[in-house]
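Open the model in your viewer and keep the selection tool at hand. The tour goes stop by stop.

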Amino acid sequence: MEGVIDHLMRELLTEINRYDLCIAEFVRVVDRKVPEHSFYKIVPELHNAGLTKSGCPVRVQLLGQDPDWMAENALIAHRLGSPGIDLNFGCPAKTVNKSRGGASLLKDPELMYQVISRVKGALEGTGQPLSAKIRLGFDDTSLLDEIIDAVKAAEPEMLTVHARTKRQGYKPPAYWEFIKEIRRKLSIPVVANGEIWTTEDIETCMARANTDLIMLGRGALATPNLANVALGIEQAITWHQTCELIKRWILMDTGNQKPFYYSSRLKQWYRYLKLQFNEADALFSDIKTLQEKDDILSVIEAHLTTAL
Ligand SMILES: Cc1cc2nc3c(=O)[nH]c(=O)nc-3n(C[C@H](O)[C@H](O)[C@H](O)COP(=O)(O)O)c2cc1C
């Protein structure tokens, strides 16, 4: 997730959960080859055969509208070691949609078909799978049948459906029941996504979407062990355990990231943690003006002592 779940967060979350696959933040493709260093910057796991330290595969995601350049860049990602390629047809960002990327392609199923099938063709013989991620439509669901026909004809190996339109943004609810219909039309695995925060959501989503494959988004940040909760291996972690986890994350080596990396990323994370933990407010009011990693750590230590 662009700006929130980057390689360090993936490292942390895959260390404590049994994820099958991570999709990296998108790499924007316009009308040229994306330099290799840009792929490595967004997906440093490519230096490690496309795996997090704990061994979870991390797939490069491409976002773009030009079938040939998408295919060309898929091959670069493959050469750099990405375990498969994912295509983004769901991003609602204005800048991306203005240039006909992301969710705006949902308005043009024929172009979606071209993009998916050209990338699929490029990957032929590599043995690497292609997946795509869609929403239910742009303004409404009127083109959903055509979108699914395009996916069916282009034959990716997997489809993830964020069960809302672009216009619905991130506003609850998610319309999981549409996924059940989509599954009827496709023979490939279909992954349900959107508004999964709790065990109840997981169960309801799986039942309504008629799938046992789910992708977690913001819920994975709100309850950091949600994947294991979904698998029935663990209970949701406590606030105290979450603070320990934040500490562990802050002690990770950021490499050559900007000096205030953790203070700004922590503010993003807090947006989701506060949805699950009332205690988050107290901690973050003490942290919000801090920028240095050591200062933030001291506040967390103090908070942990009083939280016991
Ligand atoms: C801050 C943010 C960044 C995101 N970045 C991406 C992205 O790079 N690629 C993508 O496919 N989806 C991205 N998404 C969408 C999520 O993957 C997911 O589809 C969406 O949040 C719905 O799932 P949720 O309700 O469980 O969060 C992003 C969402 C948010 C909130």
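Helices (H or I, at least four residues) and strands (E, at least two) are DSSP runs, numbered from the N terminus.

Two notes before moving on. The model is predicted: local features need pLDDT of at least 70, side-chain atom pairs count only at pLDDT 80 or more, and totals for chains, interfaces and linings use all residues. Residues are numbered from 1 along each chain as its sequence is written.

**Strand E5**

Select residues 158–162. Four of the five residues of E5 are buried, so this strand is largely enclosed by the rest of the structure. Buried means 20 or more other C-beta atoms within 10 Å of the residue's own; exposed means 12 or fewer, and partly exposed lies in between, with C-beta atoms placed from the backbone.

E4 and E5 run parallel, joined by five bridges. Two strands pair if DSSP finds at least two bridges between them. Look for Ala132 opposite Leu159 in E5. From E4 the chain crosses through helix H6 (residues 144–154) to E5, in a right-handed β-α-β crossover.

Turn to E6. Its pairing with E5 is also parallel, over four bridges. Pick His162: its bridge partner in E6 is Asn193.

**The ligand**

Show the ligand. It is surrounded by 20 residues, the closest being Met1, Glu2, His162, Gly217 and Arg218. A residue is near if its C-beta atom, placed from the backbone, lies within 6 Å. The shell divides into six nonpolar, nine polar and five charged residues.

**Helix H13**

Select residues 280–287. Ala280, Leu283 and Ile287 are buried. They cover an arc of only 70° around the axis, which puts them on the same side of H13. That arc is taken from the directions from the helix axis to the C-beta atoms. Asp281 and Ser285, on the other side, are exposed.

Most residues other than glycine have a negative phi, and most peptide bonds are trans. Go to Pro172 and Pro173: the peptide bond between them is cis, with omega near 0°. Pro173 sits in the loop between E5 and H7.

Finish at Asn210, in the loop between helix H8 (199–209) and strand E7 (214–215). Its phi is positive, about 55°, although it is not a glycine.

Definitions and conventions: Ala, Val, Leu, Ile, Met, Phe, Trp, Tyr, Cys and Pro count as nonpolar, Asp, Glu, Lys and Arg as charged, and the others, Gly among them, as polar. A crossover is right-handed if, with the strands pointing away from the viewer, the path from the first strand over the helix to the second runs clockwise.
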